[in-house]
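These are my notebook entries on a structure that I looked up. I set down each point in the order in which I examined it.

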Amino acid sequence: MCGIVGYVGEREVVPLLLEGLKRLEYRGYDSAGVAVVDDGRIQTVRAEGKLDELVKKLDEQPLAGSFGIGHTRWATHGRPSERNAHPHTDSKGRVAVIHNGIIENFATLKQQLLAEGWEFVSETDTEVLANLISKHLQEGRDLLAAVQEARSALEGHYAFAAVTGGEGQQIVAARSGPPLVLGLGDGEQFLASDPTALLRHAKRVMFLENGDVARITRDAVAVFDAAGEPVERSARRLAWDPIQAEKGGYKHFMLKEIHEQPRAVQETFAGRVSFERDRVELEELGIRDERLREIDRIHVLACGTSWHAGLVGKFVIEELTRIPVEVDYGSEYRYRDPLADRRLLALGVSQSGETADTLSAMEAARDKGALLACICNVPGSQATRISEGTLLTHAGPEIGVASTKAFTTQLVALYLLALHLRQVRNGGLEPGLLRVLAHLPQALSEALGHEREIERLAWRHHRASDFLYLGRGINYPIALEGALKLKEISYIHAEGYPAGEMKHGPIALIDPDLPVVAVATGERLFDKMVSNLQEVKARDGQVLVVTDREGEELAALADLADAVMRVPAVDELLQPIVNVVPLQLLAYHIGVRRGADVDQPRNLAKSVTVE
Ligand code: M6R
C-alpha cells in the first residue's frame, strides 16, 4: 500500500518524482522520501508525515540529477518516522531501495546479514533488501543480477526498485505481488505503483507480471521473468484523462468524486445496453455464453466497500437469475477450504484490482476449477489479469481513500452482469429491465441537489460519539456502507445493522444522544422499516431518515423523524445506488466539520496490497 515512483531520463528528476508521489499519496502518507543519483553518488532526503514535509525539506536541501526513485509509505514494519522512511540505503552506501509490501522472512535474513557484519538502522523489512542487494553487488554482480539473486531469497509479497551509483543511469525493479507499471516515453522511462502517477507523462504503459524483474534505462526497458529469461510484456495506451485526477475546484477529492457519480454511472452502462433491442451487450466480458450457462452458483469475493457492493449484488443477481450467491470477505475466504469447482463463478469485486486478500481469495477459487471473473475499476490491474473475464467500471481514477463513485459504478456493473446472465440463460430480457437504468444519472443528480440540507444536518450532529445505521433487504448493505463511510473519514464510531435485528440487541444503545440513520425506500419493506423507526422514537432516539416518499407519506415520515434526507424513487433493484448518496455526503460534511483529513484519513491506505 506504499507508493513507488521512479524516473530515468534527461529532465530534472526531483519535480517528476514529487509529482508522481503526489498522485500516489493516497496509498500511504506516513512518510515520504526520494533518492537521486548524481555523479555516481546516491543522495536521499526523507521526511516523516505527508509529502508536504518532504517538499519543505527538499527546499532546504535541494537534490539534482536525472534519475532516481521516490516513495510514500504506509507503515507495516516500524512506526512512522524519518528513520523508517524509504528509500533505505545499505550500510555501505552502495544502493538505495524503495519497497511496497512485506518481506515475510526478513527477521531470518536480518540475522544472517548481521552475522556477516551488515548494519541496520531502521526497524523496516526493506533495509534487509538494501543490504542483501549490496552484498550481491559486492560479490561482483551488476545491479540486475544482484536484484535477481536477492529476490531468490525473499518470501512474501513485494514490489521494489533499486538504484546504485556505479553503473550509469538505470533502475532495477522487481514484482512479486503488489503492482508495478512502467511508463514508456521517448528517451525517458517512468516507474510507478499504479498508472495514476504516470497520467501526465506517459501515454503508453507496461504492467509487470508476478516474478518479473525489469531493468529501466533512458532508452529502453528490459524485462526478465522469474526464471531470469528475457520476456516481452505488451505495452498499452492509457485511456484515463489526467484532468480526472485533479480536484477541479472541489475542496476534496472525495467531494469531487461524489459529484462525479451521475457521469460515472452513465459511463458504466453506456455502450453496453441497447434500450431499443432490450439487450445487454457484454462481449467485452470475454466469457462464452455456453460457459456461463454451466454456472450453478456464484461466490462474490471482496473487501470493505466492495464487499458491500457484493451484498447488494447478491439481491440483484438472485432476483434476476435465481442463481444462489454467497458474498465473502477475501480475508476469510482465502483461509477456508472453499466449495469451489467448475460450476462456480468466483467474482472478485475491487476498485483497485490489487487488494491482496481479494486476489488471494480469487486465486483460491480459481485453483479449484472455478470460472474467475472480476468487476474492477483499474484496467490492467492484477484482478483483471488473473480473471478469465472482466467487467470494468468506468468511474475514472478514484483518489479519495473513501470509496464513493467506485461503489455506485460497481452496483451498476453488478446489475449489468445479472442481466447478462439472465439474457444468456433465458434467451432474452423482458422489456423494461434495462430501461430503468436510463433514469439513474438524473436521479443521482437530484439526490446530490439536496447537499445543502445534508450539510446542515452534519453540522447539527457532528459532535455525536456514535451513530447507528439501519436498513432492510437490499438497503441493509447501504446501512453498512453509510456506517463505514462515517467511521473512516470522521473517526466516529458507527454501526450498520439490519433494522429487524435491532430489537435483538442494539436497541439497548438507543438514547437521545444516538443519531439513528435509517434507509426507508421502496415498497417491499417500507412499512416494516417505519415500525422499526417507531421503536427508536419510543425510546427517544433521534431518527434521520433517507426516503423516496412524496406527499402524505413523506409528511407522515417527517412527523416521525427528526430529519429527512430525500432521494428520488428509481427501480427497487437500483435504489441503493441513489440511497447511498446522502450517506456519503453526510459522512463527508461531518468529517469536514470535525476538521478531519477526509481524503487521507489516519491509518488508512487506498489500496491494501498486504494482507
Ligand atoms: O480496491 P478495493 O475495492 O479492493 O478496496 C477494498 C477496500 O479496501 C476499500 O473498499 C475500503 O474499504 C475503502 N476505504 C472504503 O471506503
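Where is the place of Pro87? I found Pro87 in the loop between strand S4 (67-73) and strand S5 (88-89). Helices (H or I, at least four residues) and strands (E, at least two) are DSSP runs, numbered from the N terminus.

I noted that this is a predicted model, in which local features need pLDDT of at least 70 and side-chain atom pairs count only at pLDDT 80 or more, while totals for chains, interfaces and linings use all residues. Residues are numbered from 1 along each chain as its sequence is written, and side-chain values use heavy atoms, with hydrogens and water left out.

**Backbone.** I recorded a cis peptide bond between His86 and Pro87, with omega at about -5 degrees. I then looked up positive phi values in residues other than glycine: Arg322 has a phi near 60 degrees, and Tyr491 has one near 65 degrees. For background, most residues other than glycine have a negative phi, and most peptide bonds are trans.

Arg322 lies in the loop between helix H9 (304-321) and strand S19 (325-329). Its relative accessible area is 66%, so I list Arg322 as exposed. Tyr491 belongs to the loop between helix H16 (476-490) and strand S24 (493-498). I list Tyr491 as partly exposed because its relative accessible area is 29%. The cut-offs are under 20% for buried, over 50% for exposed and in between for partly exposed (1.4 Å probe, protein chains only).

**Rings.** Arg602 lies over the face of Tyr491, at 3.8 Å from the ring centre. I also saw the charged end of Lys50 over the ring of Tyr29, 5.2 Å from its centre. A charge sits over a ring if NZ of Lys or CZ of Arg is within 6 Å of the ring centre and within 35 degrees of the ring normal.

**Ligand.** How many residues surround the ligand? I noted 13, and the closest are Ser306, Ser350, Ser352, Thr355 and Glu488; a residue counts if one of its heavy atoms lies within 4 Å. A side-chain N or O atom of Ser350 is 2.6 Å from an oxygen atom of the ligand. A polar backbone atom of Gln351 is 2.7 Å from a ligand oxygen atom, and a backbone N or O atom of Ser403 lies 2.8 Å from one. Taken alone, the ligand exposes 410 Å², and the protein buries 92% of that; accessible areas come from the Shrake-Rupley method with a 1.4 Å probe.

Conventions
Polar contact = N/O pair within 3.5 Å; in protein donor to acceptor, adjacent residues only side chain to side chain.
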